[in-house]
Amino acid sequence: MLRTREPAGPTASVEESVRLGDIVLRNRLVTSSSLLGYGVSNTPLLPYGMSPISLFVPLAEFGAVTTRTLTVEPREGHFTTRDDWSLPELPGLLRRYGTVLRGTDGGWINAFGWCNVGIDAYLRDYYPRTRDQRVIISLGGFSAEEFVTLVDRVNAVVPVGDIAAVELNVSCHNVNFDFSTILQDVLDEAVPRSNHPVILKLSPDNDYLRNAQQAAKAGVSALTAINTVKALRLDPRTGTPLLANRYGGLSGRAIKPIGLRVVSELREAGVTLPIIATGGIRTVDDCREYFWAGADAVSLGSATWLASYPGYALAPVRALHVRRVLRAIRRHGARPVRGGPAR
């Protein structure tokens, strides 16, 4: 498998980068898949993805920005591939969100179902506009053949070293598929073909210890821990599921103890691959907890980027907090933040 050179882009340098094995990041703080779409959008209404907060945060300064999960063909999922919404269409967009994204105690539950423009459209229309960012391209499929196709198409367009890694999402709850039936084939067939380091995304609802050991044997470069937790919300008056897919993925503050447990158990089981931890991270203290548990990098997801719809009026204020966390992690350079007072 071919490996990376130093990261490209105006904000990157050898001094500013950190290595997780053969993965090169600008620092140890990355963004989670889906929340920031493709790293760029086609409308000023939603510039990067689902969160207006991202408009006020310099994405190029993150260790890496992880894309929405991309499939071989465009996929509507349970939502839509559109990202060119105008202001008059905003009420309709919010109604659509209500069928795939709901707040819950301490977090969010979603069932977008891998809605995306497809790998070819991403590589043609979005990737060239994010060259200032360090990128992790998230890939999803329903067979080893689909993952091989995705890896091949990334190889054909993206020069070695121009992205941090590809992430194999073989653990999503929102597409109603048993990924355990294809995981080993994906690892055996897709991983060796990649010109870029490969990250495997683990589910806390599956046998993540065994999956991590499989990944290590297959030559995977790092692990993302964790994907969302399978969950359900019902209308208390009618018993009707609140999400279009019935079940969804729970994220946010509620799953932070689960994420910490998974990272810790991976280390206790002797897993030595680098771990990018995600799940309920908002503050430097959250990052520090994950570093103590054994993570090598941390990822900001829904706990950071999502807010109640009225709360988006405070997006610039929330963005200041994200900037503080980013500065704190960058100040510590190549070593994780472990001890000392929170900053």
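Is Asn116 buried or exposed? Asn116 is buried, since its relative accessible area is 0%; here buried means under 20% relative accessible area, exposed over 50%, and partly exposed in between, with a 1.4 Å probe and protein chains only. The structure is a predicted model, in which local features need pLDDT of at least 70 and side-chain atom pairs count only at pLDDT 80 or more, while totals for chains, interfaces and linings use all residues. Residues are numbered from 1 along each chain as its sequence is written, and side-chain values use heavy atoms, with hydrogens and water left out.

Asn116 is located in the loop between strand E6 (107-110) and helix H2 (119-126). Helices (H or I, at least four residues) and strands (E, at least two) are DSSP runs, numbered from the N terminus. The side chain of Asn116 has a polar contact with the side chain of Thr71, at 2.9 Å. Leaving aside residues up to four places away in sequence, Asn116 touches several others, among them Tyr38, Arg68, Leu70 and Thr81, where contact means heavy atoms within 4.5 Å.

Five cavities of 30 Å³ or more are found in a search of the whole structure. On a 1 Å grid over the protein atoms alone, a cavity is a set of points where a 1.4 Å probe fits but cannot get out, and lining residues have an atom within 4 Å of a point. Grid points are joined across faces, edges and corners, and a volume is the space filled by probe spheres set on the points.

The largest cavity has a volume of about 480 Å³. Its lining comprises 32 residues, of which Ser33, Leu35, Asn110, Asn227 and Thr228 are the closest to its centre. Strand E6 and helix H8 (302-305) each contribute at least two residues to this lining. By class, the lining of the largest cavity holds 13 nonpolar, 17 polar and two charged residues; Ala, Val, Leu, Ile, Met, Phe, Trp, Tyr, Cys and Pro count as nonpolar, Asp, Glu, Lys and Arg as charged, and the others, Gly among them, as polar. The second largest cavity, with a volume of about 210 Å³, is lined by 21 residues, and Gly49, Arg68, Arg82, Asp83 and Tyr97 lie nearest its centre.

The whole structure contains 13 salt bridges, each a side-chain nitrogen of Lys or Arg within 4 Å of a carboxyl oxygen of Asp or Glu. In one of them, the closest N and O atoms of Lys256 and Asp286 are 2.6 Å apart. Lys256 lies in helix H6 (residues 256-268) and Asp286 in helix H7 (residues 284-293), so this pair ties together parts that are 30 residues apart in sequence. Lys256 counts as buried at 10% relative accessibility, and Asp286 is buried at 2%. Lys256 also forms a salt bridge with Glu289, with the closest N and O atoms 2.5 Å apart. Glu289 is partly exposed, with a relative accessible area of 36%.

Key. A polar contact is a pair of N or O atoms within 3.5 Å; within protein, one must be able to donate a hydrogen and the other to accept it, and residues adjacent in sequence count only if both atoms are side-chain atoms. On a 1 Å grid over the protein atoms alone, a cavity is a set of points where a 1.4 Å probe fits but cannot get out, and a pocket is an open set with protein on both sides within 12 Å along at least five of seven lines; lining residues have an atom within 4 Å of a point.
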